[in-house]
Amino acid sequence: MLSGKNIIEMLSAGLGPLTCRLRTELAGEVWHWNPRGSWSDEARRCGYWTSSSSITTPINLSYGYRLPRRGNTIDQANNDGYSRICDGDENSFWKSNPYLDPYFTGENDDAHPQWMVIDLGAVKPVNSIRIQWGVPYASQCQIEYWSGNDPMHLHIDRNDDWRPFPQGVIANSSGGDITTRLSSNTIPVQFVRVLMNYSSTSTTQPSADVRDRLGFAVREICLGQTNDAGEFEDYIRHKPERSQTTIYVSSTDPWHRAEDIDYKTEQPGLDFILRSKLTNHLPVLVPVGVLYDTPDNAVAEIQYLLARKYSLEGVELGEEPDGQWASPEDFAALYAATARRLRSLSSKLKLGGPSLQNFDGHLLTWPDKSGNRSWMNRFLNVLRVRESPFDFFAFEYYPFDEVCTDAAPQLLEIPQRLRAMLSSLHSDGVPSEIPWLMTEFGYSVFAGRHEVDIEGALFHADTVGMFLAAGGSKAYLYGYEPNYLTDELKCSWGNLMMLQMNNGDQKLNRLSMYYSARLLTNDWMQPVAGIHEVYPVTIDPENAAVTAYAVRRPDKQWALLTINKDPQRSAQLGVQFTSSSGASVERFTGDVDIAQFSRDQYRWQDDGPNGRPILSEQPAHTQRAAAQYYELPPYSVSVLRGHFGR
């Protein structure tokens, strides 16, 4: 994938700064960014891992390690793990993250309650629960049920909340196996939460590592109905695989073993990337683990990179904590603890995050005691109290979950969806004075034809134009490296990529996003280090399928990026430049350079796993005298460039 020949082809798209993504964080794994390092329990090769910061041979390959104390059934990567809470093995257990204990946070004992959520898959009559505690256990817990449809995917127009079962409070627990009658009558529920406070801070065997006795541990859980004869019916499927009942947890202990290495997913080593031509000799945005890692490992990574004297754009802490159901207070505590230690390495380091996953309209979480449901607002509040570094804001944009339907109506929604997302984040208090980075973007988190057909180019150009026009600092395209087609939703072959690899063939296919990247970096923008001034554009309502974005380039030329999202009809575009006072109106004068990319240059042959472009050519370039109107072909990206006035 990252052969020297392929890297040259990637660079030819004209893109600039690079960011590395942290797949291990999405998989619920620990990243051994350096395969050399040490265990907290070196004799048994297990515990908490810290990669070595010593400079030896370059790191060309790295792996994640699965967590044997995992709590979530679902993960956001390969999704091939499972929860230890209902795996049917009473010797395994889930344990929460010890770094959220007051020992590390310095807060009150109840500042970071931990939780488990059980999804029964359908509404069922519930009146009893059985918890088989591990060690440490919760001295107090409360069993609750969700009043609405789905607590893991919230909507602004619904004010559902967790409600306690009538007899759902367990106080002064001594651990062990506890069966509790939650109500005298059954209550129809689908989602049940166990909210835990006050750890017993105990351990089953002597240990000098304080982390072994912090947090909460559960070996197995049962939920169901006790009948009048005292017989308990358990609704939970106890299996060591994804067919188990779905469990969600607040956090997971990053403890693991040497044998937990996950060979299914390679990650390029940091030296491989940072020593390669991929960087374009520009500073690189690098990640550190937060959710499933330790501050020590993050500090060692940045110490290593600084010792190597690599040029760093910044350090992005964590990856999609909101999409992994972390509470804003929990993630903020982990973020702040890591950020403070990184800042001590160098005052020049730029630290930020939290790399939010895509959301529609509002990023919500369960309400706090004051009723605040804003994830980002509460995250920022904690950072302010802790005086934590927060030098840039990072988020991701994948607007369309549905890749099996017509793309045309979806393409029309791109600007308004992104605008609504940005507006929501502004209202949640994200500072305008720090850089906003779109550290990933793509048509969908799911693979589909729209990403490799002409629609991919339209989406790419419209998203970049809209983000920069709205004040964004940098937009990082996901799918920079060559890849293969996949049929993720069993309806459409595609992938997030600009270059296609072919089985048994060394030649790469240039896909539509490759050409839109070329248009943006070589025709709309000027490929030099210089200021590009972005100006607002107003489109006549008659051209509802057209969007446009204007820049004044360092060479003083004006360039208009235009996207016609009508698949059938061309658009006639008249271009006028109006002064800020509105007193004067100008048009292009002299010659106008026109670069266009449409179905005349690109066509996709849909053939399942053998799909490929049957026409793949560079955008057409012409030069013509300035005119009153310019034609935009159906489904096209065009750049008009020239001068106006004298």
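Student: What percentage of the accessible surface of the chain belongs to carbon and sulfur atoms?
Tutor: This is a predicted model: local features need pLDDT of at least 70, side-chain atom pairs count only at pLDDT 80 or more, and totals for chains, interfaces and linings use all residues. Residues are numbered from 1 along each chain as its sequence is written; side-chain values use heavy atoms, without hydrogens or water. Accessible areas come from the Shrake-Rupley method with a 1.4 Å probe, and for residues only the protein chains shown count as cover. The chain totals about 27,100 Å², and the carbon and sulfur part is 46%.

Student: How many strands are there in the chain?
Tutor: Helices (H or I, at least four residues) and strands (E, at least two) are DSSP runs, numbered from the N terminus. The chain has eleven helices; its strands number 37.

Student: What is the radius of gyration of the chain?
Tutor: The radius is taken over C-alpha atoms, and the globule rule is 2.2 Å times the number of residues to the power 0.38. For 646 residues that rule gives 26 Å. The chain comes close to this value, so it is as compact as a globular protein of that length, with a radius of gyration of 27 Å.

Student: What percentage of the 646 residues is buried?
Tutor: Buried means under 20% relative accessible area, exposed over 50%, partly exposed in between (1.4 Å probe, protein chains only). By that cut-off, the buried part of the chain is 56%.

Student: Among contacts between residues at least 6 apart in sequence, what percentage joins residues at least 24 apart?
Tutor: Contact means heavy atoms within 4.5 Å. Among the contacts you name, the part at 24 or more apart is 76%.

Student: Is Gln526 buried or exposed?
Tutor: Gln526 sits in the loop between α11 and β26. Leaving aside neighbours within four places in sequence, Gln526 touches Thr521, His532, Arg553, Pro554 and Asp555. Its relative accessibility is 17%, so Gln526 counts as buried.

Student: Which are the edge strands of the sheet that holds β26 and β35?
Tutor: This open sheet has six strands, ordered β26-β27-β28-β37-β32-β35, with antiparallel pairing. Strands pair if DSSP finds at least two bridges between them. Two strands pair on one side only: β26 (533-535) and β35 (620-625).

Student: Which residue in β37 stands opposite Asp593?
Tutor: Strand β32 (residues 588-597) runs antiparallel to β37 (residues 636-644). Seven bridges join them. Opposite Asp593 stands Arg641.

Student: Which residue in β17 is the bridge partner of Ser62?
Tutor: An open antiparallel sheet has the order β2-β5-β17. Edge strands β2 (29-32) and β17 (261-268) have a single partner strand each, so one side of each lacks a neighbour in the sheet. Strand β5 (residues 61-66) pairs with β17 over five bridges. The partner of Ser62 is Gln267.
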